[in-house]
Amino acid sequence: MDVYVAPGISYASEAKRLSSYLGATYLEVRHKVFPDGERYLRIEGSSRVDGKPVVVVNTMFPNQNDSFIETLMLINAAKKAGASKIVTFIPYLAYARQDKVFLEGEPISAEVVVKAIRNVGGDCLVVVDAHSEKVLRFFGTCTVNLLVFDKLVEKALQHTNNPVIIAPDEGALHRAEYAAKKLGLDYDYLVKHRDRETGSIRIEPKEISVKERDVIIVDDIISTGGTIAEAAKMILSQGARRIVVAASHGLLVGGALEKMRKAGIYRVYLANTLGVKYDDPLIEYVDILDVAANAIRSLLGMG
Ligand code: R5P
């Protein structure tokens, strides 16, 4: 089957590798920014996609807002070119943490993003570890949320003895459970409170059985590193030997690397879901494009 990949700027090299995994044709996209700041793009050779499926591949970090409009324009261009089906692969779906109205007057930002992708012409949406599965319901049918914690935790196991997987809050418990069940490990979770106004977090004291054990902390996003650093401190204070972290999306803003180093974290495994990679001895990236390719293949019935 002829399949085409239309890439966004910040994830173009990964999109190229994904198209090799799929045996698809990688389309070059020309970009420019107008003097007033508006963006322009054009899929080169787009007449080839008429009647064929197109996989639009773009991630939403860094430059969430630019990537968002770029993704919508790519989908629209593929649709205008006659694509028979458009699968949008967004490894990091930004705005997913605002998945409900927490405080009066707020929007559901996740709904805005996901519905826009659907309304502009996306038929299926594939993401990696959406902050919460429920954001995909805004899209309707044909969504895939890929969990890659088995891959990430498998890497972390190289550095651990007698490990236990810990989620830093209840929201991440399903991630710990997923990896633990696949790999036959123990798991538990901590209780986190976040101040919705200031964003500051507090991990509630909780007895967990980590004495003399190594701990793998799993989470979806590391943004400022506050959650992971606080969780690590709590776990180390209870007698754990070593902390290794496995997270899907390492945004690593606001001094996150330093915070995690100071908290005594030994190593951090991240999936390659972003348009940025940090070159730091603490960080190792794990390639998840094979998992994405398998999911896209089965959506497109590629055998
Ligand atoms: C929140 O519920 C998420 O799952 C992450 O725990 C959070 O976004 C991490 O943010 P930070 O690194 O700034 O603490």
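**Close-up views of a predicted model**

**View 1. The disulfide of Cys124 and Cys142.** With 80° about the S-S bond, the link between Cys124 and Cys142 is right-handed, and in this predicted model the two sulfur atoms lie 2.0 Å apart. The pair joins distant parts of the chain, 18 residues apart, with Cys124 in strand β7 (residues 124-128) and Cys142 in the loop between β7 and β8 (143-146). Cys124 is buried, at a relative accessible area of 1%, whereas Cys142 is partly exposed, at 26%.

**View 2. The largest nonpolar core.** This core holds 44 residues, of which Leu18, Leu22, Val55, Phe89, Ile165 and Ile296 touch the most other members. Helix α8 (residues 289-299) makes the greatest contribution, giving 5 residues. Because domain 1 (4-147 + 290-299) and domain 2 (149-287) both give residues to the core, it lies between them. Once neighbours within four places in sequence are left aside, Leu18 is in contact with Val57, Phe89, Leu289, Ala292, Ala293 and Ile296. Another core, of 37 residues, lies apart from the largest one and includes Leu41, Phe61, Ala96 and Val114.

**View 3. Helix α6 and its surroundings.** Helix α6 (residues 226-237) has 12 residues, which at 1.5 Å a residue should span 16 Å, and the 17 Å between its end C-alpha atoms agrees with this. Its buried residues are Gly226, Thr227, Ile228, Ala229, Ala231, Ala232, Met234 and Ile235. These buried residues pack against the strands β9 (164-167), β11 (191-194), β12 (201-204), β13 (215-222) and β14 (243-250), and against helix α7 (256-262). After α6 comes Gly239, whose phi is positive, near 95°.

Note on methods: Residues are numbered from 1 along each chain as its sequence is written. This is a predicted model: local features need pLDDT of at least 70, side-chain atom pairs count only at pLDDT 80 or more; totals for chains, interfaces and linings use all residues. Side-chain values use heavy atoms; hydrogens and water are left out. A nonpolar core is a set of buried Ala, Val, Leu, Ile, Met, Phe, Trp, Tyr and Cys residues joined through side-chain atoms within 4.5 Å. Buried means under 20% relative accessible area, exposed over 50%, partly exposed in between (1.4 Å probe, protein chains only). Helices (H or I, at least four residues) and strands (E, at least two) are DSSP runs, numbered from the N terminus. Domain bounds come from an automatic or database domain assignment. Contact means heavy atoms within 4.5 Å. The expected span of a helix is 1.5 Å times one less than its number of residues. A disulfide is a pair of cysteine sulfur atoms within 2.5 Å.
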